[in-house]
Amino acid sequence: MEHVLDDDPLSGSFLAERHLRPHRRARLIQDDNYSQFVAVVERTNQVWGGAPDILVPMTADGEIHEPYEHLLQQSELDTLQLPRGAALSEAAKAALEQTSRRLNLPLGSGGSEIPVMLIAAARERKQLREVVTATVPPDDIWHTSYLTVLGALPPLPDPEMLVRYGAREDLRFDEIIDVRWENVAEGSLGNLAERLTEGGHPIGLSRLGLHTRPLSTQQHALDGWTPDSTVWARQNGGDVVVVYQAGSVADACLLWNLRLQHGWPRQLPLGVPGAWTKDGELDVEATASRLRELVSQVNLRGLLAHGLPAMCSSSLSPGELRSIASAAQGGPGDEEPEVVTAADVLVPTLPPVRTTSQVVALDHGRGHFVIRQESDVEWLTWSRHRSLPLCATVILPNRPVVRSTALRRPHAAQYSGGGYVVPVNANDEVRSIQWPQKWTMLQARAHDCGLEVTESANGRHALALTRMVRSPASLRWLCHRGLLELLYKKAASTSMSWFKERATRLARQVAALQDDPAAAAATFMNEIAKINVSHDAETSGTLTFSEIAQVLKPKTVAEAWLSWAERTGLLRRVVPFTCSTCGYKLLQQLEHAQFDPPCPRCGRSISHPFKSSAVSFEYRLAEPLRRAIDDDSVYHALIMRWLVAVLGDRRNYLVGAHPGVEFRRAGQLIGEADILVLLADGSMIPVEVKRHGAALTTEEVRKLRIIADALGSPTIMLGAGDSRSNCPADTLALDTDDGQCRIITQEYWLNPTPHATFGWADLPHPAPATVPDVTAHEDNFANQLVDAERISFGDVDPVRSFW
């Protein structure tokens, strides 16, 4: 089932995206060695697909800087690459080995680096653009800006790299492409901005024949409804200025990664060097003057997308940046530049690729895909003579693979970047594919957190109900107050073992509240009131059409719902046989009905069970529906349906949800989530569901936060089967603007067709202008159900409506 965390293997035909790319690295650079940063940039620009490599500053002890941990966990990467020729201490080596194991990324040495010259050699010289390398003196304050924005090439290609792939050791750049070195005596913002608009830079050379995939600046209706670390970066695009300290590796890496994140645009993000006095103090006014100059330059060339650019830095504190921002204001009424951190602007990135689409047929998660297309051949002619190591990624739109370090597998097929990644050779034609089950993805993310997951008993019951109706979306035909009340009334339990289990649960709840006898008594009586016990085991759990018609009006709605319930198997049509001797009522399923059956009570044959005028049918609840109502897990399924519909509106955002998961650490149970939502970025959101909102107490919230903390969840959610007005006031107060808690009540989940809308009119939040009308939901339920019966459930061809 789509967007359900089950163990069903994926089967069917899908239009897939195939991405072919060279290997991608996270290059580690010592944060006190700026010359090492320069050497790394020169090397990446002569490697095919080198510019998209993430540059990561690390300390002398081998610890990577904090903002990059999340970046390396989430980005599509193949290796961690150590600095070439760097002298590392034993402590640094041990720390890097630990980082490699934690991220499940091997430490590489550059063996997979393909010289971009070999790719360029496949094209005619006149088809290749001249590359201009602008060099400024290393001690120039603008050196970092020129290097990170334009790139640089050494005088000669690296001979070791050339020889590895069969090229001449003395091969020069100008034998393949036109390269011109220009010395800039003194760097300036004006000169840099002019070169930026012209193009033809070394960074562009390394992306030859590849299509960039910059961070999307699209805004989504769910932005802000739940915490999302990418919201600021997406909504503000690349309008960021990095205020750097000359020679700072951390600032240079920050600017480099921001440029690749936004697809190397001919605009911001850009870098501005800070100014310092002779005493080593930050010159706020001089730095602000440079910022104002940058704004005027980019506005002059139309490079500023909107408003004033935000400011960030790795070397300057937020307080220092705010001082610069205040000084940069043109006047009292002018807008002040926003100050953000590196964690706000750095988000996971996707490398440039060669992309095609193809149909992939999967059978139980297995299938094959074509690696090389005709459009790739002209760029990979060198592979006829030498093997070129590449990576092929298959992505199924709106069926993302979760980002998890546990799903990485060094030097082999793995799951990264939302899809299936396998090392290939440029001469390969076809490779096999194994798509993971969604439950496996959940287990992988739990493993990342040091946890194990299992289905809860309630989760199995709710999932069985969802399977019976074939999809979460079909559960909308149970979203009706009167219908649910009728089903609860009819789903009476008769099992003594069930009653003993329920009574034990009640006793535990009372014992837990013994410090407050009044609350204990109230809880006990409330739970007792929920129990339905039938004295007649044969007729319990059955209902008639007239009873359905009393809650679903008009009659056409009741008929449509009954048709759907029978088609899905939620209701079984039974024939009542009444014994003329003792009056016992025997129910037999229509298709298995046996005429003249023996009476279970008196033993005589029921030879005349019906009235002479008519036979009245009754309908028995299927066991999955009965069990889901018995333990209230039906509300797990119904609220899960709402979450899947709302979160699934955003493309490639949701992996799925499960209606009941238990979490253990080293075999010890730490909690249970009534619903667990898994997002593509690896975020897990636990949800607590109660039939009655009054049961959503602060104690239940405390238990849920224990699970959320163990999962590193960005938010928690609470669900109630009844109205928002029945929830405790202190619980409702938890739903605030920061999105740390959302409360889903029947005013929302009863909506038969929920959507994520801008303005959150159909989403719960702290102060909605109007709470959705439940009566309107049920009117829509009736209208849509009748239409669905006529078109979807029935045998009517909708094309006939054309005339």
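Predicted model: local features only at pLDDT ≥ 70, side-chain atom pairs only at ≥ 80, totals over all residues.
**Entry on the helix pair**

I looked up helix H5, residues 143-150, together with helix H10, residues 249-261, and found that their axes come within 9 Å and cross at roughly 30°. Angles under 35 degrees count as roughly parallel, and I therefore noted H5 and H10 as roughly parallel to each other. For the handedness, I recorded the crossing of H5 and H10 as right-handed.

I then listed the residues in contact: on the H5 side I found Thr144, Ser145, Leu147, Thr148 and Val149, which meet Ala252, Leu255, Trp256 and Arg259 of H10. Sorting this contact of H5 with H10 by class, I have 5 nonpolar, 3 polar and 1 charged residues.

**Entry on the sheet**

Next I traced the open sheet, which has 4 strands in the order E3-E2-E4-E5, and I noted that the pairing is parallel. At the edges I found strand E3 (54-58) and strand E5 (107-108), each with a single partner strand, so one side of each is left without a neighbour in the sheet.

Turning to one of the pairings, I saw that strand E2, residues 25-30, runs parallel to strand E4, residues 79-81, and that 3 bridges join E2 to E4. Within E4, I located Thr79 as the residue that Arg25 stands opposite.

**Entry on helix against sheet**

Which strands does H10 touch where it packs on the sheet? I found that H10 touches E2 and E3, and that the direction of H10 makes about 160° with that of E3.

Definitions and conventions: Residues numbered from 1 in each chain as written. Heavy atoms only, no water. Axes fitted to C-alpha atoms, helices over the stretch in contact; angles between N-to-C directions. Helix = DSSP H or I, 4+ residues; strand = E, 2+ residues; numbered from the N terminus. Parallel < 35°, antiparallel > 145°, perpendicular 65-115°, else oblique. Left-handed = near helix turned anticlockwise from the far one by under 90°. Contact = heavy atoms within 4.5 Å. Nonpolar A, V, L, I, M, F, W, Y, C, P; charged D, E, K, R; others polar. Pairing = 2+ DSSP bridges.
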